[in-house]
Amino acid sequence: MNPDQPEAVPQRGRPRSEKAREAILDAAAELLLERGLSAVSMDTVAARAGVSKATIYRWWPNKETLAADALYHEWADVPPARDTRSLRGDLRSLLRPWVRLADRRPYGRVIAALLTQAQTDTQFAEEYRTRFVEPRREQARAIFQRAIERGEISEDTKIEVVLDLLYGPVYHRLLHGHAPLSDRFVCDVIDAVLDGVAPPRPPAAPAD
């Protein structure tokens, strides 16, 4: 090192752009849950986050894409699923913490608004699936792949169909609100699905 040059002072904390991005996602999530997607604009998010609209548009082309990222950002705090060495245990570890969070606040109306937008906007539909749907499904795919490698389920298991069977009932209750989301419900869904996926148990040996 050249002694005549001042030593670089290390930067503390997160980079300014990362802090701004976090502030935007936090502000968008709070506004969405307070007011719903239709009542939220880029102006209101910018005001709450303390940034300019130009800063928001640097990362998100529209409020729907921002909403999808904000929602996923909210759910990113859910701890990752543990490897319990059991398919049933792994799925409970994946789904129960997420369902507890999803049931705590009015996420259903936000998801419903995003799904409505996805039905009429093909570009956003692709972004929604990529940013919001696929990350959760990918976690579950890894769990099923481990179960196949352990020989717990057949390698012919139709994983994509099974994922629909698992997530479908949860979203059904989240969107319609006709019945509560609970740990017991999650366990019942997992049990019902795995009873159809797991290989049949060998018949009990006849008693002597």
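Start by selecting α4 and α6: α4 passes α6 in a left-handed crossing, meaning that the near helix is turned anticlockwise from the far one by less than a right angle. Helices here are DSSP runs of H or I at least four residues long, numbered from the N terminus. The two pack at an angle of about 145°, with their axes 10 Å apart; axes are lines fitted to C-alpha atoms over the stretch in contact, and angles run from 0 to 180 degrees between N-to-C directions.

Now show the side chains where they meet. On α4, pick Glu64, Ala67, Ala68, Leu71, Glu74 and Trp75; on α6, pick Tyr107, Val110, Ile111, Leu114 and Gln117. Contact means heavy atoms within 4.5 Å. Sorted by class, this contact has 8 nonpolar, 1 polar and 2 charged residues, with Ala, Val, Leu, Ile, Met, Phe, Trp, Tyr, Cys and Pro counted as nonpolar, Asp, Glu, Lys and Arg as charged, and the others, Gly among them, as polar.

A word on what you have open: this is a predicted model, where local features need pLDDT of at least 70 and side-chain atom pairs pLDDT 80 or more, while totals for chains, interfaces and linings use all residues. Residues are numbered from 1 along each chain as its sequence is written, and side-chain values use heavy atoms, leaving out hydrogens and water.

Next, click Trp75. Leaving aside residues up to four places away in sequence, Trp75 touches Trp98, Leu101, Ala102, Tyr107, Ile111, Phe132, Arg136 and Tyr171.

Zoom out to the largest nonpolar core, which has 63 residues. Such a core is a set of buried Ala, Val, Leu, Ile, Met, Phe, Trp, Tyr and Cys residues joined through side-chain atoms within 4.5 Å. Val45, Ile56, Leu66, Trp75, Leu114, Phe144 and Leu166 touch the most other members.

Back in α4, select Asp69. Is Asp69 buried or exposed? At 10% relative accessibility, Asp69 counts as buried; the cut-offs are under 20% relative accessible area for buried, over 50% for exposed and partly exposed in between, using a 1.4 Å probe and protein chains only. Its side chain makes a polar contact of 2.7 Å with that of Trp60, that is, a pair of N or O atoms within 3.5 Å, one able to donate a hydrogen and the other to accept it (residues adjacent in sequence count only if both atoms are side-chain atoms).

Last stop: Arg85, in the loop between α4 and α5. Arg85 has a positive phi of about 65° although it is not a glycine, and it is exposed, with a relative accessible area of 57%.
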